[in-house]
Amino acid sequence: MTNLREEVIRSGRMYLAMRRAMDEAGAQAITIDCLGLFYRKLLPAYPCLGHCRLLDAGLHEACDAVVDSTLTMLAFQYA
């Protein structure tokens, strides 16, 4: 069982990785198969903290690799 501090640190690292990937790709949005990858132990933490931080920064994200939601957010930004 992990403690809260470790969970927050892992989530912060996940956010930094998401942000770096977006910066390197010049992307304005990201979507991740959160549940599928997390439960298969392919993600070290839930990306929820990162999603909140990205939205705070004016970028876009969508949970569970939902491309339609991501595109809708981008469309409304440009509308």
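Predicted model: local features only at pLDDT ≥ 70, side-chain atom pairs only at ≥ 80, totals over all residues.
What share of the contacts between residues at least 6 apart in sequence join residues at least 24 apart? I started my notebook with that one. For the protein chain it comes to 65%.

**Entry: the overall layout**

I went through the secondary structure next. The chain has four helices and two strands. Reading along the sequence, I got the pattern α-β-α-α-β-α. I then looked up the extent of the C-alpha trace, which spans about 45 × 20 × 20 Å along its principal axes. There are 79 residues in the chain, and 27% of them count as buried.

**Entry: α1 against α3**

I picked a pair of helices to follow. Helix α1 covers residues 4–25 and helix α3 covers residues 48–56. Their axes come within 7 Å and cross at roughly 50 degrees. That angle makes α1 oblique to α3. I also checked the hand of the crossing, and it is right-handed.

Which residues do the meeting here? From α1 I listed Val8, Ser11, Gly12, Tyr15, Met18, Arg19 and Met22. On the α3 side they meet Leu49, Gly50, His51, Arg53 and Leu54. I sorted the residues of this contact by type and got six nonpolar, four polar and two charged.

**Entry: the nonpolar core**

I looked for the largest nonpolar core and found 10 residues in it. They are Met14, Tyr15, Met18, Met22, Ile30, Ile32, Cys34, Leu43, Leu54 and Leu59. Which elements supply at least two residues each? Both α1 and β1 (29–32) do. The largest share, four residues, comes from α1. A background note to myself: in soluble globular proteins, nonpolar side chains tend to be buried together.

Leaving aside neighbours within four places in sequence, Met22 is in contact with Ala27, Gln28, Ala29, Ile30, Leu54, Leu59 and His60.

His60 lies in strand β2. Is His60 buried or exposed? At 12% relative accessibility, His60 counts as buried. Not counting residues up to four places away in sequence, His60 touches Met22, Gln28, Ala29, Ile30, Leu55, Met73, Leu74 and Gln77.

His51 lies in helix α3. I looked up its relative accessible area and got 4%, which means that His51 is buried. With neighbours within four places left out, His51 is in contact with Met18, Cys34, Glu61, Ala62 and Cys63.

**Entry: Arg53, also in α3**

Arg53 is another residue of helix α3. Its relative accessible area is 42%, so Arg53 is partly exposed.

**Entry: a threonine in α4**

I moved on to Thr70, which lies in helix α4. Thr70 has 8% relative accessibility and counts as buried. What does Thr70 contact, leaving aside its neighbours within four places in sequence? I found Ala29, Ile30, Thr31 and Ala62.

**Entry: positive phi in the loops**

Last, I looked at backbone angles. Lys41 has a phi near 60 degrees, a positive value in a residue other than glycine. Where is Lys41 found? I placed Lys41 in the loop between α2 (34–39) and α3. Its relative accessibility is 73%, so Lys41 counts as exposed.

Ala65 also went into the notebook, with a positive phi of about 55 degrees although it is not a glycine. Ala65 has its place in the loop between β2 (60–63) and α4 (67–78). At 36% relative accessibility, I put Ala65 down as partly exposed.

How values were computed:
Residues numbered from 1 in each chain as written. Heavy atoms only, no water. Axes fitted to C-alpha atoms, helices over the stretch in contact; angles between N-to-C directions. Parallel < 35°, antiparallel > 145°, perpendicular 65-115°, else oblique. Left-handed = near helix turned anticlockwise from the far one by under 90°. Contact = heavy atoms within 4.5 Å. Nonpolar A, V, L, I, M, F, W, Y, C, P; charged D, E, K, R; others polar. Core = buried A, V, L, I, M, F, W, Y, C linked by side-chain atoms within 4.5 Å. Buried < 20%, exposed > 50% of the residue type's maximum accessible area, 1.4 Å probe, protein only.
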